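Here are a few notes to go with your first look at this one. Have the model open while you read.

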Amino acid sequence: MNEQERCLLRELTEQLARAVRGNFTEIALSGSGGPEVDALADMIAKLVGEMKEAQEFIAALSLGRLDVDPPRRNHLISSFKQLHSNLRHLTWQTQQIAAGDLNQRVDFLGEFSVAFNSLIASLREKRLAEDRLRYVSNHDPLTDLYNRSYFTEEMERIERGRRFPVSIMLADLDGLKRVNDTLGHAVGDRLIQQAAQVIRQAVRGDDVVARIGGDEFAIILPGTDTATANEVRNRIRKGEELFNLENDSYLIGISIGIDTAEQGGSLTEALRNADKKMYEDKFARKQAGGPGRKEDE
Amino acid sequence: MTKEERTAYHFKWEDLGDIALGRPNLGDTTKVAVYRLMQYTLRDVLATRYGQETACDILREAGKLAGTEFCKNSLNTELDFNGFIAELQDQLRMLNVGILRVEKANLENLELVMTVAEDLDCSGLPVFDETVCEYDEGFIAGVLQVYTGKEFHVREVDCWASGERTCRFDARPVEERSL
């Protein structure tokens, strides 16, 4: 080995010593040596270069800078690249969870996976409880129809909307008191449920059907004119008739009043008119001695 | 399949056969090495006969056909994106194909970055500074095409064989790329 090569080796040793201390500044070599020393110098330069890349990437990773891509073809930091990839996926998963997807699941991150998955399970349970609470607060437990409070909210919401004309239908069950008194309240409850079913089957999925009193139902029919609302009434009558043909222990009779609001600001008035018309219908049905008439009222 | 049918052959899912009937004792699984033996010998012959580029194209095209049929026959395309990806992840894991993960998903322009760890095709291969998962590129493109109705260009940007630990795929609709 000549002096030039010995000098080069000292420089290379210094280069490596600096790298070990975390200083990757390149030392300008004082010349070239034989092919073996030059090959060694090249490899050390490559190693130090890759260590520098690795240090920059790991520093960014430690700061949570996941937007910094790992250096390609750098084999020194394979495990960090794996971690980086896992964290990127975890970031995406967390974004999905924030957007409401609680079906995300983390694997292969040891205890973190267990903790994360149990957090998601808790959120899922919480959401189910909230959904249940929301459902209970909006629905009538006997019929599963909406309740009065939800009906009132929907009236206000639809009043402000653009789906006019809106028809309001009020329906009152005839003869419930008689059924309760003669056959018992359990049968009376069944009658209410079956009447609710008849009404629900006559309307569209997005119409609002609510039980607003013991034997009183209210239906909001958005985007429905008087003629179409009358068709809904006919479907209820058909359902009532069909039920009464198949049952003889008690009959369903529903008095119905309909009114249509042609534009916003008039829904409350339509509700009042529908109520009035419902009582007129009840009186007429009583006079006619129709099925399930309220003899006791 | 008759010899005549073979001349105008178009793959059908049923061509995979009744494995339970045919392999009552050996079952429906085999070693990864067996799969790789077939893929890499086939790749070798294709490259020798048609050149490297054409061999890669053929593998990509075959992967696309596989992805298309797999999606049609094994996945529920009615699910929303997250549900669909979750089902795809479950299926690929259950079949020991790999661990699929999404790193980025822009659902407006359908640009996706996905990774596959422990990939059936390449994980554990010697490192020779090249990506080799052309079959996977085609497979992902086929799956996404069936799900979205759009043709996809999928490029593998990182691969075990290029020295990474995870295969990373960049996917985007073809028309987006040509803009």
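Predicted model: local features only at pLDDT ≥ 70, side-chain atom pairs only at ≥ 80, totals over all residues.

1. Let's start where the chains meet: 12 residues of chain A are in contact with 14 residues of chain B. On chain B's side, helix H5 (81–94) and strand S1 (99–106) are the elements that each give two or more residues. S1(B) has the largest share, with 5 residues.

2. What is that side of chain B made of, by class? It has 6 charged, 5 polar and 3 nonpolar residues.

3. Now look within chain A, at helix H1 (residues 3–20) and helix H2 (residues 35–62). Their axes come within 11 Å and cross at roughly 15°. An angle under 35 degrees counts as roughly parallel, so H1(A) is roughly parallel to H2(A). The crossing is left-handed.

4. Who meets whom in that pair? H1(A) brings residues including A:Leu8, A:Leu12 and A:Leu16, while H2(A) brings, among others, A:Leu40, A:Ile44 and A:Val48. By class, the residues of this contact are 11 nonpolar, 1 polar and 1 charged.

5. Over in chain B, helix H3 (residues 32–50) and helix H4 (residues 52–74) pack with their axes 7 Å apart, at an angle of about 135°. H3(B) and H4(B) are therefore oblique to each other, and their crossing is right-handed.

6. For the contact itself, H3(B) supplies B:Arg43, B:Leu46, B:Ala47 and B:Tyr50, and H4(B) supplies B:Gln52, B:Thr54, B:Ala55, B:Ile58 and B:Leu59.

Methods: Residues numbered from 1 in each chain as written. Chains lettered and ligands numbered in written order. Contact = placed C-beta atoms within 7 Å. Helix = DSSP H or I, 4+ residues; strand = E, 2+ residues; numbered from the N terminus. Nonpolar A, V, L, I, M, F, W, Y, C, P; charged D, E, K, R; others polar. Axes fitted to C-alpha atoms, helices over the stretch in contact; angles between N-to-C directions. Parallel < 35°, antiparallel > 145°, perpendicular 65-115°, else oblique. Left-handed = near helix turned anticlockwise from the far one by under 90°.
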